[in-house]
Amino acid sequence: MRAMHVRRGFSAAASGSVDYAAQALENPLIKHAGEQLLYSRPKTIALSGPAGFLGSNVVDSILDAHEFRRANGADPGELLLLSSSPGTLMARLTSQLGSQRLKTVRATRVDYYHQHDVDSWHDQLGSLGLGGCNAVFANLAGLAGPVPGKPDSMMAVNYRAPVAAARACEALGFGHFVQSSTQATKAERAGQVPYSRWKSMTDYSLARLEKLPVSITSLGLLYSSKSGAVGQRGDMLNMTDLTLLPLTPIMGNGTAPLQPLEVADAANRIAFLCLTEFSSRATQRYDLRRMPGGGWVSNSSNKTTTVRVGNINNADVAANGTNSGNSMYVADDGMNKMWNKDSWKQLVTNNQRHYTLRMYDAVGPEIMSMLELNEKFAKINNRKLTPVFVDYRNFERVLNVASLGNLNRQFVSLLRSEQATEKPIVGNPTEFEQLLGNDARLLRLDEVERNFRRRFPYWSTLKWAFRNYGVIEPGISLGLEIAVTYLFGKQAGNMDNWIKTRGVVGLSALCAIAGGSAYLGAEFANAIVTFTPPSLPPPVPPPAG
């Protein structure tokens, strides 16, 4: 009844902004968590990465919540966008959304590449009026690959800048810090891959803060149900575009587990974390799940090994069949080896910060392999997938020169890591899914409406190749590997036979070129003879007899 009353009041109060009102009412954030949004104190939110794939969706969700609060007579709060080009960003948002919708928005310039001292963050945020228990910092900025000409760029953006900002927020008495992390921090090779290493170090640093409440969302693979893109805007070359090719290369054996999450679902829940009271939410209950004999599963069961984080509850311990000792849960040998390391996860399992630290597996409701993911996106685009299983080497050679959209060297390394390990790690999205309410559900890929059809961006790919001309040679090798593997099997295209395969193909190509050249030369000579008149008179026949 209360929810119906809220909706009617919102509709009546928002008669002057019908379009935005209808848009806000359709948002699951408003449908499921409208009451909590109204009863929460107005928040001043500093948001980094507002122009990114996730950040732009979080901005939309926060603005819908502001419309909802304003229409119901509540102070909407304020949104401060942290950007390297605030003028350009605000001009674009104004042209897209209009000035009326942006009444609660302002922007300021930050430099994640160089702004790494606590004092600069403290003074900038403080001078803008941010501070106190109703101030929130949401760090959505991230850099998945290196930037040419900017050494240590990944460390700067993913570690040094957010850590300095968090410590400044703690000094200013902020009420909450929301960190977008990644499930890659749990992978076997997380310490070897720069992106996951810096993210993991940031998570650990945030977990050590004594006064600042922190929520860490470990995000899985994000996709958009509107554009069919994975991990980025739909107008760029995308990983899913490979499914539009006649032959789709699949790295390795395609068994690495993924948990795709719809970006709007992630954005709504991160916006909810920013807009509501930190102390009213539970933390992640189950962090990791593994099959005793290896492998992974998509739901909790008695056959899985679970490790509990957050508040300790003896009844739940007994129900899950685990023993408790010193606030730690006894698991299988493989889990104990990992969890006994001095990692940031141990801070949670030891209950040292369960009042001021919240962690969530921000992953999708389905667990699928890379092959299954590509099959689903091909089906969405009304295509039939023709997979070709190729080695990682040529892919990595291409990506060492330049990232192919969101498909980068870091992602490939983590895929190889999870495919090779006997016990790949997956997240449990239960608590993240139900942040908005017990009846809130995450979108599944099978539920995506087929209201779009992507086409392979050949022109964008050519421009990318000529701009990064170093990818041409490994790109040709990759294409050759795909063709040879498809025609003659994986054995012909694998690394053991790669030199022989390239030699045979190269010799065949040279023979074809030589034969074709000879044929064309002969035909050209015939044409010249036909169309060229003789320069000398024909010889006089000899006299008879």
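## Charges over rings

A charge is taken to sit over a ring if NZ of Lys or CZ of Arg is within 6 Å of the ring centre and within 35 degrees of the ring normal. In this predicted model, the charged end of Arg 197 meets that description over the ring of Trp 198, at 4.6 Å from the ring centre. The charged end of Lys 150 likewise sits over the ring of Tyr 113, and here the distance to the centre is 3.8 Å.

## The pair of Tyr 159 and Trp 198

Aromatic pairs number five in the structure. One of them joins Tyr 159 to Trp 198, whose ring centres are 6.1 Å apart and whose planes meet at 25°, so the pair is stacked, given that planes under 30 degrees apart count as stacked. Because Tyr 159 belongs to helix H7 (residues 153–171) and Trp 198 to helix H8 (residues 194–207), the pair ties together parts that lie 39 residues apart in sequence.

Tyr 159 is partly exposed, with a relative accessibility of 21%, whereas Trp 198, with a relative accessible area of 13%, is buried.

## The pair of Tyr 223 and Phe 377

Tyr 223 and Phe 377 form an edge-to-face aromatic pair, with 5.9 Å from centre to centre and 85° between the planes. Distant parts of the chain are linked by this pair, since Tyr 223 lies in strand S7 (residues 222–223) and Phe 377 in helix H13 (residues 370–380), 154 residues apart. Tyr 223 is buried at 2% relative accessibility, and Phe 377 is buried at 2% as well.

## An aromatic cluster

One aromatic cluster is formed by Tyr 112, Trp 121, Phe 137 and Phe 177.

Definitions and conventions
Residues numbered from 1 in each chain as written. Predicted model: local features only at pLDDT ≥ 70, side-chain atom pairs only at ≥ 80, totals over all residues. Heavy atoms only, no water. Phe/Tyr/Trp six-rings, centres within 6.5 Å; stacked < 30°, edge-to-face > 60°. Helix = DSSP H or I, 4+ residues; strand = E, 2+ residues; numbered from the N terminus. Buried < 20%, exposed > 50% of the residue type's maximum accessible area, 1.4 Å probe, protein only.
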